[in-house]
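Subject: Structure handover

Hi,

Here is the structure we discussed. My notes on it follow below.

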Amino acid sequence: IRALIALPAYLDRYLYVSRTVDGNLLKLLDETTQTVHLYQQLEQNRGTLLFEFGLLYLGFALILILASIWLGLWFAERLAKPVGRLAGAAQRVGAGDLDVQVIEEEGDDEIARLAKAKVGIAHCPSSNFRLGSGAAPVRDDAEARAIVAGRVDILFRLGRHYLFLPFAALCVAATLMGHYHPPIFVVVTPLLLQIIISVGVERLADSYAARPQSDDPLLWARRYTILSGISGAIWGAGALLWFVPHDFPAQAYLSLAFLGITSTEFIARSAYRPAYLAHASLSLGPLAVRLLLEGEPYASLSSVLVMFFGGILYSYCDRFTDLLDEAIRLRWRNAGLVESLSREKKDAEQARDVAEASTRAKTAFIANISHEIRTPMNALLGMAQLLERSDLDRTQRSHVKVLLEAGRGLKT
């Protein structure tokens with residue numbers, strides 16, 4: 001660095017100063033100037049960047065919603081396909097084809113087991129299908145019990161809490177990767193509690209499978225609802241512990257994870273709305289409140305999106321359960337129709353066997369009687385022929401002729 005400075009006290013005199021400076025310092029000064037300029041430029045474009053990121057976040061949310069809708073439609077199609085086959089078989093049975101067979105779903109997953117299950121129908125007494133003045137109330141009551149039992153059966157067959165443990169593990173990893181570093185045992189606690197509750201739900205499902213058929217299905221549904229509420233509360237606690245303040249990408253990731261969990265849980269818990277309400281409200285509620293308290297515009301919009309998404313799924317519970325009820329009702333009625341037709345077929349076969357046995361007995365009786373009549377009849381005809389050849393007057397010969405014709409008529 002060189003400098004030339006005029007000296008006022010001396011005319012035409014200058015001070016020349018030079019000093020050697022490290023070039024890295026100048027380079028650092030230039031980089032600092034460029035960084036400040038870049039920061040000012042980013043600050044000017046901050047609104048645009050946040051808007052673009054918000055659009056990206058909403059795009060991912062829309063993709064997730066569409067994927068959830070597609071998954072729900074796929075599940076509904078798989079669920080309705082066995083019922084459609086059973087309905088078609090019932091129509092063929094009604095047309096008189098009593099040898100029709102229904103194709104069962106292959107595999108050992110929940111849908112295949114549900115297609116093979118009777119959904120509580122097999123335990124309905126056959127007297128419920130009898131016609132008469134008092135048959136309708138009994139049938140309606142049995143049909144309502146079958147629908148409730150079918151709902152609870154779907155609730156337990158499709159509930160798989162352990163499948164959501166990877167969601168919790170990914171949320172733990174995302175929290176530890178952010179700038180907010182809480183104690184590890186605090187972050188891991190919700191994951192450990194989810195493992196415990198998953199084991200408890202599996203034990204409850206095993207107990208439900210081994211239950212006596214006389215148990216009230218609503219009692220098991222309430223037990224499942226309690227465990228769903230506990231699981232939702234653990235997820236809600238996880239939302240508070242995994243929440244990274246002032247880090248919108250981490251908050252968006254957490255929101256997407258929770259929306260994915262809720263949309264997947266909707267498939268099973270929509271069969272019994274209180275179970276879905278307990279889980280969704282206790283899991284999404286704390287996350288929505290925490291996003292709202294963050295104070296950022298996009299965090300507030302994310303809070304509204306979370307609550308709106310949960311409300312939309314809750315509103316679909318009624319329509320989904322209506323479809324399930326219709327499928328279960330159709331299966332129950334078709335089972336009664338098949339049972340009634342099978343019973344009538346069996347009665348008709350028994351009547352046919354009795355008629356065939358009676359026909360065979362009559363034929364044997366006639367054959368025996370014919371044999372017993374022919375033997376003396378031949379003797380009578382022989383004697384009548386000898387008598388005809390003897391000397392008879394006209395009246396006697398006429399009587400013998402009548403006797404011979406009558407005998408020959410009996411023989412033929």
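S231 has 1% relative accessibility, so it counts as buried (under 20% relative accessible area, with a 1.4 Å probe and protein chains only; exposed is over 50%, partly exposed in between). This is a predicted model, in which local features need pLDDT of at least 70 and side-chain atom pairs pLDDT 80 or more, while totals for chains, interfaces and linings use all residues. Residues are numbered from 1 along each chain as its sequence is written, and side-chain values use heavy atoms, with hydrogens and water left out.

S231 sits in helix α7. Helices are DSSP runs of H or I, at least four residues, numbered from the N terminus. Leaving out residues up to four places away in sequence, S231 touches H161, Q194, I197 and H279. Contact means heavy atoms within 4.5 Å.

**α6 and α7**

The axes of α6 (residues 184-209) and α7 (residues 217-241) come within 9 Å and cross at roughly 170°. That makes the two helices roughly antiparallel (over 145 degrees; under 35 is roughly parallel, 65 to 115 roughly perpendicular, the rest oblique). Axes are lines fitted to C-alpha atoms over the stretch in contact, and angles run from 0 to 180 degrees between N-to-C directions. On the α6 side the contact includes Q194 and I197; on the α7 side, S231 and W235 are among the residues. The contact divides into 14 nonpolar, 5 polar and 1 charged. Nonpolar here is Ala, Val, Leu, Ile, Met, Phe, Trp, Tyr, Cys and Pro; charged is Asp, Glu, Lys and Arg; the others, Gly among them, are polar.

**α8 and α10**

Helix α8 (residues 248-269) has 22 residues. Of these, 18 are buried, so α8 is largely enclosed by the rest of the structure. α8 packs against α10 (residues 297-389) at about 5°, with axes 11 Å apart. The pair is therefore roughly parallel. Contact residues include F248, L259 and F266 of α8, and V306, F309 and F320 of α10. This contact has 12 nonpolar, 5 polar and no charged residues.

**Cores**

Which residues touch the most other members of the largest nonpolar core? They are W235, W242, L254, F258, L287 and V306, out of 35 residues. A nonpolar core is a set of buried Ala, Val, Leu, Ile, Met, Phe, Trp, Tyr and Cys residues joined through side-chain atoms within 4.5 Å. α10 gives the most to this core, with 8 residues. A second, separate core of 15 residues includes L155, V201, Y224 and A275.

Best wishes

Key
Expected span 1.5 Å × (residues − 1).
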